[in-house]
Amino acid sequence: MCGIVGYVGFRKAAEVLLDGLRRVEYRGYDSAGLAVRTEKGLEIVKEVGKVSDLEQVARGRNLTGCQGIGHTRWATHGGVTVTNAHPHADGAGRFALVHNGIIENYLDLQEELHAKGVCFFSQTDTEVIVQLLAHLRAETDDMPTALTLLQQRLNGSFALAIIDAQEPECFYCVRRGSPLVLGLGVEECFCASDVSALLPYTKNVVYLEEGDTARVCTKGVEIWNECGEEVCRDVAIVDWDVSMSEKDGYPHYMLKEINEQGAVFRSTLKGRITEGRIDLSNDLDWDASKINSWKNVHIVACGTSYYASLVAQRALEQWTDCHIVVDVASEYRYRRMKADPSTLAVFVSQSGETADTLAAQRKARSEGAHCLAITNVRGSTLAREVHDVLLLKAGPEIGVAATKTFMGQMVALYLLALFLGEARRTLSAAEAKRLAEELLHLPYKVEIVLNRQDAIKEIARKYAEKRNFLYLGRGNTYPVALEGALKLKEISYIHAEAYAAGEMKHGPIALLEPDVPVLVIVPRNSLYEKTLSNIQEAKARHSAIIAVGTDGDALLPHHVEDILWIPWTDEEFVPFLAVVPLQLFAYHAAVLRGCEIDQPRNLAKSVTVE
Ligand code: G6P
């Protein structure tokens, strides 16, 4: 939930660190800090607030060194104060350390160190790590050994970057349970929580494995595994470029990312449909006997990824004969769900770093399930731990509220559903071909909706001051209603509840009154009339109705106040189009309310702690 960067090379470290922190700021944004090695020793600067606040303070300090570490925080242990911000130092000021993760046994360690006379200044679990490191280093011959011992003493998850004032040519990294990637440049090296911080400098990266310790120098890196043995890790080439993580003239990343959805759709399809057939042979090495051995499909995810999974559940039920279970990872990991070898377990995660999703995967895998990751991040922990990966090709998503990756996840999951249906012969080749052809048309239809932004903004203006909303959908638009309500909550802080339209009479109807608008997804599909009846029920309680409706539906305007129009598509594909006006509705409502769009309060883009 925090962002880490580290640098050693020929540039002014403070500038590289501030630039890197801005790029990982979406991971946490309540306070930030950096430590730079200058001729005066280790200089630490911290500030509460955004990276821009830290920049103001750092500018006044004129930090000249070429080696340093930085951190942007999302508070877990200890409030949001300058003292609790990272980096933390040991009592003697020899080490400065930044941390992403949680140390579960920090109270025991703190007590042990207290007994040895160590004083603590912050309320964080992180300070314990640096104080313990100082002790271990004093008792060992070298830093890698001290770090191996340190790891053995820590329970929990951590990615660490550390500078030692006595080693001017390098810094150290340790990774267990939280992401950390090294960047290799010419006469300079980096570390960061994710590759987006490295993109302006290098595309050559090394993803550290669980338990790795690294010494990062200007000339390159040395790596030891958790047993302290020196190891070689592959260098990967990142296929994102720096322009993908810029705002490109948009006022917010979120708006840019919403507008990229046609392109994301096309790139996630690219190379995966040949001559009207779904072809995943470049991604999945599955033969007929393997595919036919699965009776169950479990799909597990969190947040927006969970809603994409719920949409896919309906498609998988329609096109395959498997038993489909969808669950949130924080529940799945503690349930007695049987995930045996007859189970294909699919883990959907934009970041590939969500702690609960990782734990759920480890559980399913240990029980014998075949594990597939659907993720946007090549080299993420999830991607490295599963049997197979199906990548979204969405490019980096910086806005904390997920938009384009929801689209990419649905595309990837639909490709999987069609592929399984055809391979298991529960979907005829002709029907699969017809559906694949409609998939190829959908990016254009997504762009038609995107071209209607002015109308959506005007409707958002009418309702932006409301305090409560009810969202309704049926069938595969019910999860879209959940996602639309989530977007509104996340960025505009308007309370929104989503229900399956048929459930409205079982409770939420009690909330309806003239000031509570109801947003209903009511495409021209087999459930159209049923949803129209729900609209009548809401209207009878004097609620204003906003509908997502299909172009050409002449009946709908007689029943509702406002309509967010989408083009016609097959019933199965409506979610791809219906979600777009809901994203834009939430975006414009939040802008009109003066909310912080890309970094909403209390949220973090990847939840790397349980
Ligand atoms: C956080 C983010 C959400 C995201 C969820 C799951 O809550 O704020 O936008 O949907 O985590 O993240 P993942 O990376 O696993 O898809």
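User: Hey, how exposed is Tyr493?
Analyst: Tyr493 is partly exposed, because its relative accessible area is 27%, between the 20% and 50% cut-offs. Keep in mind that this is a predicted model.

User: Okay, and where does Tyr493 lie?
Analyst: Tyr493 lies in the loop that links α16 (478-492) and β24 (495-500).

User: Is Asn602 buried or exposed?
Analyst: Asn602 is exposed, with a relative accessible area of 61%.

User: What about the peptide bond from His86 to Pro87, cis or trans?
Analyst: The bond from His86 to Pro87 is cis, with omega near 0°. Most peptide bonds are trans. Pro87 is in the loop between β4 (67-73) and β5 (88-89).

User: Switching to helices: at what angle do α14 and α18 pack?
Analyst: Helix α14 (residues 429-450) and α18 pack at about 25°, and their axes are 9 Å apart. That makes α14 roughly parallel to α18. The crossing of α14 and α18 is right-handed.

User: Which residues meet there, in α14 and α18?
Analyst: On the α14 side, Leu442, Lys445, Val446, Val449 and Leu450 meet Phe576, Leu577, Val580, Pro581 and Leu584 of α18. By class, that contact of α14 with α18 has nine nonpolar residues, one charged residue and no polar ones.

User: Now the open sheet: what is the order of its five strands?
Analyst: The order is β24-β23-β25-β26-β27, and the pairing is parallel. At the edges stand β24 and β27 (562-566), each with a single partner strand, so one side of each has no neighbour in the sheet. Neighbouring strands of this sheet are turned by 20° against each other on average, direction ignored.

User: How many bridges join β23 to β24?
Analyst: Six bridges join β23 (residues 468-473) to β24. Within that pair, Asn468 stands opposite His495 in β24.

User: And which strands does helix α15 touch?
Analyst: Helix α15 (residues 453-463) packs on the sheet and touches β23, β26 (545-550) and β27. The direction of α15 makes about 150° with that of β27. Helix α17 (residues 528-539) packs on the sheet too, touching β25 (518-521) and β26. The direction of α17 makes about 170° with that of β25.

Definitions and conventions. Residues numbered from 1 in each chain as written. Predicted model: local features only at pLDDT ≥ 70, side-chain atom pairs only at ≥ 80, totals over all residues. Heavy atoms only, no water. Helix = DSSP H or I, 4+ residues; strand = E, 2+ residues; numbered from the N terminus. Buried < 20%, exposed > 50% of the residue type's maximum accessible area, 1.4 Å probe, protein only. Axes fitted to C-alpha atoms, helices over the stretch in contact; angles between N-to-C directions. Parallel < 35°, antiparallel > 145°, perpendicular 65-115°, else oblique. Left-handed = near helix turned anticlockwise from the far one by under 90°. Contact = heavy atoms within 4.5 Å. Nonpolar A, V, L, I, M, F, W, Y, C, P; charged D, E, K, R; others polar. Pairing = 2+ DSSP bridges.
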